[in-house]
Amino acid sequence: MTSANIAFRSLKPLRLLLAVSPIAVLLLCIPYLTNPYQTLILAYGLIMAIAALGFNLLLGYTGLLSFGHSAYFGVGAYAVAFMVKYLHVRSMELFVLGGLLATIVLTALFGVICVRYTRIFFSILTLALSQVLWSLAYKFFWVTGGTDGLRVPTPSLVAGMVDAAKLSYGGKVVTYYYYVLFFFFLSVGLMWLIVHSPFGTALQAIRDNETRAAFVGVRVQRFRWLAFLVSGIFTGLAGILWVPLNGLTTPDILVWTFSGRIVFFTVLGGFRSFVGPILGAVVFNYLETYAISATVYWQFVLGAVLVVLVLVMPTGLVGLLSRLAYAVRRAT
Amino acid sequence: MSLLRTEQLQKRFGETHAVDNVNFVVEQGEVLSLIGSNGAGKTTLVNLISGLLSPDSGKIFLQDQDITSMGIYDRIKAGIARSFQLVNLFDQLTALDNVALTIFSRQGKTQRLTALAVNDREVTDEALAVLDAFGLQDRWNIPAIGLAQGERKLLDVAVAYALRPHLLFLDEPTSGVSTRDKGRVMDTITSVVRSGHITAVIIEHDMDVVFTYSDRIVVMHEGAILADGTPAEIRANAAVATTLLGTPTAE
């Protein structure tokens, strides 16, 4: 066995390329295959998928369950809203830069506090800190707009070359969809690289056995903090992309139940696989959208899905699809 | 100069003197066995030297450098590695990744976020060579949890060995291994250790293993060192025979 063979067998580059290409082409063609409303829902789904990718770096790869990721999503969104309100910025690229900077500062600080603990203590601490942010956004209404929130108008895109505000509704949706898609592809590629890097291997080692990880020279706390930071940055980016699409940010995205949604769709897709959180986020978004429009008891529907998920599909949708594919292969 | 020495090392757990004023010496290049009944303080002594526990008092020197206050990371950098009594592996990672991670860590590459791990030919080749030395080359792609107990023990040692330590502690390398496989496991471990010029300290309960593979044996009893000598000297030691084996030596 040579190292070249191992690289090929481990990553299965051809299979990977074959699997990804049709999905990428489909995503690129969606605006031409469906109406702007469906494109809009998918754009929301892709944004949540970026948040889930970040979240799963902690849960699936580092073994830390955060119940406070609403904080990083929210700080990205609120940073954009503050830039609009106080600095009168309208450029999406500046939103991304400013939002990421704010997310990095907050996540780095929260990470220093949280990664000293693991298991339930870590989860509760992340939840508590996100609730602190929520209460600040809720109470300091003269700064944050309180429950009314802050409005974010449609920004200019691609260094001011595209003024999306002047486009029709359909044009606005499609243009912004491609903007989101660009960041989605970038996030998926970057996260794939991270989890297959030596750093990603070290995180999985910490997840499996932190004592042994320390005894092979991995600085466990430092690596957890780095994972926390990267995770927060991805989730913050999702918040930055989400707020112009939604047009408004309120304290609802900082409250712990929003963190619960991120946990929900990551578990729905399957946190033991790379694509699970992506699939879960997109499916959850459709599920929630159609459940809300179909019944006033939509939360009951989502609750029932969660119960079925935990009892019948602990490996999520990806696990279910894998089992189905295996059964089909055996049958044929 | 000794490779490692402890001076008046002490560790208590409540009223129990787990390690009681121990002066323990390891010479360069030897395979030393640390024996004693359960609760004698062997694993606690190794935990103190490897940094898992902090001593209540006393000093630890590695090549005359005081490492008593060093953390685990710095002790590893100084050249101390260990395996564990209960197999301690990264269960979801393949055998190759278990070893490769150790090499990445040794080479300071674990903070690389955007380089594919398997594309590092140098590390992959070295990891394969380590697996080959431990007879695990055909199992490189199996997650650690899927390996047989004997293979897991070997991988456990291989992971520590890949750090290229000066001093390697092996805590019961044959526990849980079938009697039939013990010889093969120990032959492999001692062969790799001796050919790599690594000093090894083995904690072991199986006296056949101890007397077959050791250059020197240190016997612990109730937290203190009871005897220290070659296998022949230990075999002839009346105090050891009485304490450890529960029988008087033959005249």
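What share of the contacts in chain B with a separation of 6 or more is accounted for by residues 24 or more positions apart? Such residues account for 66% of these contacts, two residues being in contact if their C-beta atoms, placed from the backbone, lie within 7 Å. In chain A, residues 24 or more positions apart account for 76% of the contacts with a separation of 6 or more.

The structure is a predicted model, in which local features need pLDDT of at least 70 and side-chain atom pairs count only at pLDDT 80 or more, while totals for chains, interfaces and linings use all residues. Residues are numbered from 1 along each chain as its sequence is written, and chains are lettered from A and ligands numbered from 1 in the order in which they are written. The predictor assigns the complex an ipTM of 0.84 and a pTM of 0.86. For chain B the average pLDDT (the predictor's confidence in each residue, from 0 to 100) is 86, and 97% of the residues score at least 70.

Chain B contains 9 helices and 11 strands; helices (H or I, at least four residues) and strands (E, at least two) are DSSP runs, numbered from the N terminus. The radius of gyration of chain B, taken over C-alpha atoms, is 19 Å, close to the 18 Å that the globule rule (2.2 Å times the number of residues to the power 0.38) gives for 251 residues, so chain B is as compact as a globular protein of that length. Its C-alpha atoms fill a box of roughly 60 × 40 × 35 Å along the principal axes. Of the 251 residues in chain B, 50% are buried. A residue is buried if 20 or more other C-beta atoms lie within 10 Å of its own, exposed if 12 or fewer, and partly exposed in between, with C-beta atoms placed from the backbone.

Strand β9 (residues 199-203) of chain B is mostly covered, with 5 of its 5 residues buried. In a regular strand the side chains alternate between the two faces of the sheet. On one side of β9(B) are B:Thr199, B:Val201 and B:Ile203, and on the other B:Ala200 and B:Ile202, all of them buried. Strand β4 (residues 31-35) of chain B runs parallel to β9(B) and is joined to it by 4 bridges; strands pair if DSSP finds at least two bridges between them. Strand β8 (residues 167-171) of chain B is also parallel to β9(B), with 5 bridges. B:Val201 is the bridge partner of B:Leu32 and of B:Phe169. Together with helix α6 (residues 179-195) of chain B, β8(B) and β9(B) make a right-handed β-α-β unit; a crossover is right-handed if, with the strands pointing away from the viewer, the path from the first strand over the helix to the second runs clockwise.

The contact between the chains takes 37 residues from chain B and 27 residues from chain A. In chain B, α2 (72-78), α3 (95-106) and α4 (121-133) each supply at least two residues of the side that touches chain A, and α3(B) gives the most, with 7 residues.
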